[in-house]
Amino acid sequence: MLLYCSQSRRIGIVFPKQRQEVIEKYNRQWELLDPAHRIEHFDSVFNTAIKIIERSLNLDVNPEEVFLVAYFHDLFTWS
């Protein structure tokens, strides 16, 4: 899945290397979560957040920060 970030002035295709590193590092933990909280969920959260922030709110945002929040917002479910 390609992550959406067409309006970002900082990057075109979003973090393919960083995304792969995060997946490799945390995939084992994500496998312990319920099916609703796996990589597809985090991709969807990222895509939705970028669309809302850039299109609806018309804000300039650092996509890397959105990426980190999207991928780690469910940390509490890991315990």
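This is a predicted model: local features need pLDDT of at least 70, side-chain atom pairs count only at pLDDT 80 or more; totals for chains, interfaces and linings use all residues.

Q: OK. At what angle do the axes of α1 and α3 cross?

A: At roughly 15°, and the axes come within 12 Å. Angles under 35 degrees count as roughly parallel, so α1 is roughly parallel to α3.

Q: Is that crossing left-handed or right-handed?

A: The crossing of α1 and α3 is right-handed.

Q: Now α2 against α3. What angle there?

A: About 140°, with the axes of α2 and α3 8 Å apart. Roughly antiparallel needs over 145, so α2 and α3 are oblique to each other.

Q: Which residues make the contact between α2 and α3?

A: From α2, I39, F42, D43, V45, F46, A49, I50 and I53. From α3, P63, V66, F67, A70 and Y71.

Q: And the handedness of α2 passing α3, left or right?

A: That crossing is right-handed.

Q: Let's stay on α3. Which of its residues are buried?

A: α3 covers residues 63-72, and P63, V66, F67, A70, Y71 and F72 are buried. The buried residues of α3 pack against α1 (16-31) and α2 (39-56).

Q: Why would residues three or four places apart point the same way?

A: An α-helix has 3.6 residues a turn, so residues at that spacing point the same way.

Q: What happens at the start of α3?

A: A side-chain oxygen of N62 comes to within 2.9 Å of the backbone nitrogen of E64.

Q: What does V22 touch?

A: Leaving out residues up to four places away in sequence, V22 touches N27, W30, F67, Y71 and F72.

Q: Zoom out. How many helices and strands in the protein chain?

A: 3 helices and 0 strands. Along the sequence, the pattern is α-α-α.

Q: How much of the chain is buried?

A: Buried residues make up 35% of the 79 residues in the protein chain.

Q: Last one. What share of the contacts join residues at least 24 apart?

A: 66%, among contacts between residues at least 6 apart in sequence.

Methods
Residues are numbered from 1 along each chain as its sequence is written. Side-chain values use heavy atoms; hydrogens and water are left out. Buried means under 20% relative accessible area, exposed over 50%, partly exposed in between (1.4 Å probe, protein chains only). Helices (H or I, at least four residues) and strands (E, at least two) are DSSP runs, numbered from the N terminus. Contact means heavy atoms within 4.5 Å. A polar contact is a pair of N or O atoms within 3.5 Å; within protein, one must be able to donate a hydrogen and the other to accept it, and residues adjacent in sequence count only if both atoms are side-chain atoms. Axes are lines fitted to C-alpha atoms, for helices over the stretch in contact, and angles run from 0 to 180 degrees between N-to-C directions. Angles under 35 degrees count as roughly parallel, over 145 as roughly antiparallel, 65 to 115 as roughly perpendicular and the rest as oblique. A crossing is left-handed if the near helix is turned anticlockwise from the far one by less than a right angle, and right-handed if clockwise.
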